[in-house]
Amino acid sequence: MTEKFQELTGKTLTPAENGNIQFVFDGSVAENGYRLSIAQEKTTITAADLRGFVMAVENFLKLIDGDTIPACDIQDAPFMEFRGVHLFMPSMAQMDFAKRLIKYILSPSGYNYVILEMGASMRFDSHPE
């Protein structure tokens, strides 16, 4: 989150002793879902599991507009459990692009699985046969 926040805003997040962003695990939230409550005095991100937190943080980052984040209450949960994409394994030259694709396009879009297909044309130096 801190790296992405810095890329989006040009600012650095630093831990504060009395911070106003609170992360809460709560089993009453739907699986992979979350509640995001943003108020002037405190932001609360509530989820039942890690995937819910990831989606909440992604949507929190989307709300940043310059130096402000609008006050709001959002409750969301995925319609389907499996939301995946099938990709061919990128070459080493394309690996940075593939990582950015996952980080900045697929994850914020709600995908939770990436299926990587390894092509038959890969070279295995240890077992060339």
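## Overall architecture

The chain contains 3 helices and 6 strands, where helices (H or I, at least four residues) and strands (E, at least two) are DSSP runs numbered from the N terminus. Along the sequence, these elements follow the pattern α-β-β-β-α-β-β-α-β. The model is predicted: local features need pLDDT of at least 70, side-chain atom pairs count only at pLDDT 80 or more, and totals for chains, interfaces and linings use all residues. Residues are numbered from 1 along each chain as its sequence is written, and side-chain values use heavy atoms, with hydrogens and water left out.

Of the 129 residues in the chain, 27% are buried; buried means under 20% relative accessible area, exposed over 50%, and partly exposed in between (1.4 Å probe, protein chains only). The accessible surface of the chain is about 9,400 Å², with 56% belonging to carbon and sulfur atoms; areas come from the Shrake-Rupley method with a 1.4 Å probe, and for residues only the protein chains shown count as cover. Among contacts with a separation of 6 or more, 54% join residues 24 or more positions apart, a contact being heavy atoms within 4.5 Å.

## The nonpolar core

In soluble globular proteins, nonpolar side chains tend to be buried together. Here the largest nonpolar core has 14 residues, and those with the most contacts inside it are Tyr-34, Leu-36, Ile-38, Ile-45, Phe-60 and Leu-61. Such a core is a set of buried Ala, Val, Leu, Ile, Met, Phe, Trp, Tyr and Cys residues joined through side-chain atoms within 4.5 Å. Strand E2 (34–38), strand E3 (43–47) and helix H2 each supply at least two residues of this core, and H2 gives the most, with 6 residues.

Not counting residues up to four places away in sequence, Ile-45 touches Ile-21, Gln-22, Phe-23, Val-24, Arg-35, Leu-36, Phe-53, Ala-56 and Val-57.

## Aromatic pairs

The structure holds 3 aromatic pairs. Rings of Phe, Tyr and Trp (its six-membered ring) pair if their centres lie within 6.5 Å; planes under 30 degrees apart count as stacked, over 60 as edge-to-face and the rest as tilted. Phe-25 and Phe-53 form an edge-to-face pair, because their ring centres are 4.7 Å apart and their planes stand at 80°. Phe-25 belongs to strand E1 (residues 21–25) and Phe-53 to helix H2 (residues 50–62), so this pair ties together parts that are 28 residues apart in sequence. Phe-25 is exposed, at a relative accessible area of 60%, whereas Phe-53 is buried, at 7%. Ring pairs also link Phe-23, Phe-25 and Phe-53 into a cluster.

The rings of Phe-82 and Tyr-113 are stacked, since their centres lie 4.8 Å apart and their planes are at 20°. Phe-82 sits in the loop between strand E4 (72–76) and strand E5 (84–88), and Tyr-113 in strand E6 (residues 113–117), so the pair ties together parts that are 31 residues apart in sequence. Phe-82 is partly exposed, with a relative accessible area of 47%, and Tyr-113 is partly exposed, with 31%.

## Surface patch and salt bridge

Met-89, Ile-102, Val-114, Leu-116 and Met-118 make a nonpolar surface patch of about 400 Å². Patches consist of residues with over 30% relative accessible area and no salt bridge, like charges being joined within 9 Å and nonpolar side chains (Val, Leu, Ile, Met, Phe, Trp, Tyr) within 5 Å. Val-114 lies in strand E6 and is partly exposed, at 35% relative accessibility.

The structure holds 1 salt bridge, defined as a side-chain nitrogen of Lys or Arg within 4 Å of a carboxyl oxygen of Asp or Glu. Arg-35 forms this bridge with Asp-26, and the closest N and O atoms are 3.2 Å apart. Arg-35 is partly exposed at 26% relative accessibility, and Asp-26 is partly exposed at 25%.
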